[in-house]
Amino acid sequence: MLLRSSHTPSLSPNLRRALAGVRKVVAGELGLVVMLFLIVILFSTQSEFFLVERNLLNITRQISVNLIVAIGMTFVILTGEIDLSVGSVAALSGIAAGKTMVETGSITLGILTGLAVGLGVGLVNGVLTVYGKIQSFIVTLAMLGIARGAALYWTDGRPISNLPEKFDFFGAGYVGRIPTSTIIAVVILVLGYIILQRTKYGTYILATGANREAARLSAIPVDRYRIIAFLASGLCSAVGGILIASRLLSAQPVAADGLELNVIAAVILGGASLAGGVGTVFGTLLGAMIIGVIDNGMNLTGVSAFLQQIVKGTIILVAVLAKRDNE
């Protein structure tokens, strides 16, 4: 019979802290990098076309819209809110941009109109959530239906074609060998990183999500920053919708259907907490890359589109469970 010793050696506090730090890093962004690497290896063994230059550039183009909208979603989730209307706002913004271009012939005016629509919807979402004291889940779920319905009603359910040919530069064009949409996504990613990690605004956003009452007592204008987060989400959704319209050279009222699922999956997979106060833009980038690579790999290997939805939903559940265990 074995007796448990009363003098079982215990780890020193310093070693415990070191091990906890290592576990946190592995479970965090480094863990995501390892996961991405393994997924790339898996699909490269399943399809000879996966690692070719053309497909890799295609992945960056496919990721660009998800990443841009996910950056806006990161701002909202960091404040402890959520925005379910991003896909519908993207479609409505694309329709507004397309309509304006067809009627005026001006690409610039069309883009500005699309961006204004995104900002307007973001403002409505923020004001109703903050001053209407309605949960953001309810507000944006209602807006999901309103914006999609507005896009369908405005166009009678038909796509808007005859857009200026030069407009396709933003969604389907190249600068050198790099897709223009990829460059736009990188610029927005860098801006998002600087704002969240290097400015007072980012500190206040994180403080608002971490503990709203403590932030309020610290004289942080919590309500203002929550509204600004929704504005950022609306603006990023509009950019995504305009890029989709540009890539297709046609504004579709049913465009970006289901975009919110990809975007929320990317942000949560990237380590953000739905409770707010935890998350980074770099984590969102890794989450978007993992989702994009899985999408591309499943398409190349002939996985059913229906099964792909199941895989994405499973990824969200696993990410949330892993996050809960880590916390």
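## Arg-54 and helix 3

Arg-54 is found in helix 3 of this predicted model. With a relative accessibility of 74%, Arg-54 counts as exposed, because the threshold for that class is over 50%. Arg-54 and Arg-177 are separated by 123 residues in sequence, and their C-alpha atoms are 9.7 Å apart in space.

Helix 3 also holds Thr-74. At 1% relative accessibility, Thr-74 counts as buried, since the limit for burial is under 20%. Setting aside residues up to four places away in sequence, Thr-74 touches Leu-196, Val-267, Thr-280 and Thr-284.

## Overall architecture

The secondary structure of the chain consists of 14 helices and two strands. The chain has 327 residues, of which 46% count as buried. Its accessible surface comes to about 16,600 Å², and 66% of that area belongs to carbon and sulfur atoms.

When contacts between residues at least 6 apart in sequence are considered, 78% of them join residues at least 24 apart.

## Helix 8

Helix 8 covers residues 180-198, a total of 19 residues. At 1.5 Å a residue, helix 8 should span 27 Å; its end C-alpha atoms are 26 Å apart, which agrees with that expectation.

The buried residues of helix 8 are Thr-180, Ser-181, Thr-182, Ala-185, Ile-188, Leu-189, Gly-192 and Leu-196.

About 500 Å³ of space lies in the second largest pocket. This pocket is lined by 20 residues, and those closest to its centre are Gln-62, Asn-66, Arg-247, Leu-259 and Asn-262. Two or more lining residues are given by each of helix 3 (53-78), helix 11 (222-248), helix 12 (259-269), helix 13 (281-300) and helix 14 (305-326).

Helix 3 supplies the largest share of this lining, with five residues. By class, the lining of the second largest pocket divides into seven nonpolar, eight polar and five charged residues.

## The enclosed cavity

A search of the whole structure finds one cavity of 30 Å³ or more. The largest cavity holds about 50 Å³ of space. Its lining is made up of Ala-90, Ala-91, Gly-94, Gly-241, Ile-244, Ala-245, Leu-248, Ser-250, Ala-251, Gln-252, Ala-255 and Ala-256.

Helix 4 (86-104) and helix 11 each provide at least two residues of this lining, and the largest share, four residues, comes from helix 11. The lining of the largest cavity has eight nonpolar and four polar residues, and no charged ones. The lining of the second largest pocket, by contrast, includes five charged residues.

Ser-136 is found in helix 6, which runs over residues 136-155. Its relative accessible area of 5% places Ser-136 among buried residues, since the limit is under 20%. Apart from residues up to four places away in sequence, Ser-136 touches Glu-81, Ile-82, Thr-129, Leu-141 and Phe-230.

Glu-260 lies in helix 12. With a relative accessible area of 17%, Glu-260 is buried, because this value is under the 20% limit. Leaving aside neighbours within four places in sequence, Glu-260 is in contact with Leu-84, Val-86, Gly-87 and Leu-144. The C-alpha atoms of Glu-260 and Ser-237 are separated by 9.9 Å, and the two residues are 23 apart along the chain.

## Loop residues with positive phi

Most residues other than glycine have a negative phi. Asn-162, which is not a glycine, has a positive phi of about 60 degrees. Asn-162 lies in the loop between helix 6 and helix 7 (168-172) and counts as exposed at 69% relative accessibility.

Ala-219 likewise has a positive phi, with a value near 70 degrees. This residue is found in the loop between helix 10 (212-217) and helix 11. Ala-219 counts as exposed, at 68% relative accessibility.

Notes
Residues numbered from 1 in each chain as written. Predicted model: local features only at pLDDT ≥ 70, side-chain atom pairs only at ≥ 80, totals over all residues. Heavy atoms only, no water. Expected span 1.5 Å × (residues − 1). Buried < 20%, exposed > 50% of the residue type's maximum accessible area, 1.4 Å probe, protein only. Contact = heavy atoms within 4.5 Å. Areas by Shrake-Rupley, 256 points an atom, 1.4 Å probe, with all protein chains shown as cover. 1 Å grid on protein atoms, 1.4 Å probe; cavity = no way out; pocket = protein on both sides within 12 Å on 5 of 7 lines; lining within 4 Å. Points joined across faces, edges and corners; volume = space filled by probe spheres on them. Nonpolar A, V, L, I, M, F, W, Y, C, P; charged D, E, K, R; others polar.
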